Amino acid sequence: MAVTKEAICEVLAPICGTVQTVEHHGDITFLIDKGDLIEAGHELKSHPRTLFNLLIDITAIDQYRRKNRFEMVYILFSLDHSTRIRLKVPLDEYDEPRCPSFTAVYENANWYERETYDMYGIIFDGHPDLRRFYMPEDFVDPETGDPLYPLRKDFPVMGIQGSLPIPEKNPM
Amino acid sequence: MGLNETLERDGFVVTTIEAIAKWAQKSALWPMPLGISCCAIEMMALAGPRTDSARFGSEVFRFSPRQADLLIVAGTVTYKMSWVVRKIYDQMPDPKWVIAMGVCTSTGGMFRSYSVVQGIDQFLPVDVYIGGCPPRPEALLKGLMTIQDKIDRSKPTIIDMGKPTLSESLLTA
């Protein structure tokens, strides 16, 4: 049997109080505060009524020009109850967002968070190995030396000239 | 039997070393398949029974650049991958040719984005560009024939290995 929204809210109530939810085409999203994330994750994973034992994906959204610019998105699945939910965590810092690492709850959050860090520049506190994932380690603006995060809304689609080197055509 | 009788019986052809070399080079192009995206599927069909590149002496796909003289870059080349492509090209012995297969390889194609090189001619000398997303195997075959025409029209590279030394000629004897 699928877990109902009410049951999840009840499980989360001792940790987060009243949880704000959004339902869209049968997908349920729970808005969780940054401080409650790890505890809520542990509870959702281990509580017998929910048992969300599979972390499907982690990503982020850049809500450019909004007060809470970045928003973390976690997709969880319960194999026992075959239910899929989404957690959203708004991050209040504008330029250098930080978030507690979900690796404390799910081991496989490691690479998802590295990817999110690579693309959005969100720092995950407590992550065991926070390095870039796709882009080169020295992917910086050649003029200012600032690290570049390509999925941020203020990053130009065609990139920044000279930030990614290519081989010479005629090396001799 | 003397030379005159032999020639009279077997016939003979007058040609030049260059013509022979060109004919040999163009009739045995060994491709190095660098399939990095979906174009690779169509490239495989080139060697298959329908398009059958063996008819043009080009069926021997070598998976080592050191044994190949035709580089088929089949797919999207990202900035990260460009160094690998260049390294493979540099390992191929001369003379060598390059086919840019598909629009991604030729111009970046639909990936007008920060991570994709907008055409491999930015870091490689390309002989033939093939449009299409992906191109049909027939288009690749046409590209191969264009390379053959190009070899026919150009001056072949003939490497003078010198005369064999005494020990070498004893070994081959």
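This is a predicted model: local features need pLDDT of at least 70, side-chain atom pairs count only at pLDDT 80 or more; totals for chains, interfaces and linings use all residues.

The part in question is the open sheet of chain A.

Reply: Strands of a sheet pair through backbone hydrogen bonds, in either a parallel or an antiparallel manner. In chain A, five strands make up an open sheet with mixed pairing, in the order E1-E2-E5-E4-E3. Strand E1 (20–24) and strand E3 (54–62) of chain A are the edge strands, each pairing on one side only. From one strand to the next, the twist averages 25°.

Within this sheet, strand E2 (residues 27–31) and strand E5 (residues 83–91) of chain A run parallel and are joined by four bridges. Phe30(A) stands opposite Leu87(A) of E5(A). Helix H1 (residues 5–16) of chain A lies across E1, E2 and E5 of that chain, and runs at about 20° to E2(A).

Leu87(A) also has a contact with Met72(A). Leaving aside neighbours within four places in sequence, Met72(A) is in contact with a set of residues that includes Ile58(A), Thr59(A), Ala60(A), Lys88(A), Val89(A) and Leu91(A), and also Cys99(A), Ile122(A) and Phe124(A). The largest nonpolar core has 58 residues, of which Met72(A), Phe102(A) and Leu71(B) touch the most other members. A second, separate core holds 19 residues, among them Cys39(B), Ala74(B), Trp97(B) and Leu144(B).

Over all chains, the structure holds eight aromatic pairs.

Terms used. Residues are numbered from 1 along each chain as its sequence is written. Chains are lettered from A and ligands numbered from 1 in the order in which they are written. Side-chain values use heavy atoms; hydrogens and water are left out. Two strands pair if DSSP finds at least two bridges between them. Helices (H or I, at least four residues) and strands (E, at least two) are DSSP runs, numbered from the N terminus. Axes are lines fitted to C-alpha atoms, for helices over the stretch in contact, and angles run from 0 to 180 degrees between N-to-C directions. Contact means heavy atoms within 4.5 Å. A nonpolar core is a set of buried Ala, Val, Leu, Ile, Met, Phe, Trp, Tyr and Cys residues joined through side-chain atoms within 4.5 Å. Buried means under 20% relative accessible area, exposed over 50%, partly exposed in between (1.4 Å probe, protein chains only). Rings of Phe, Tyr and Trp (its six-membered ring) pair if their centres lie within 6.5 Å; planes under 30 degrees apart count as stacked, over 60 as edge-to-face and the rest as tilted.
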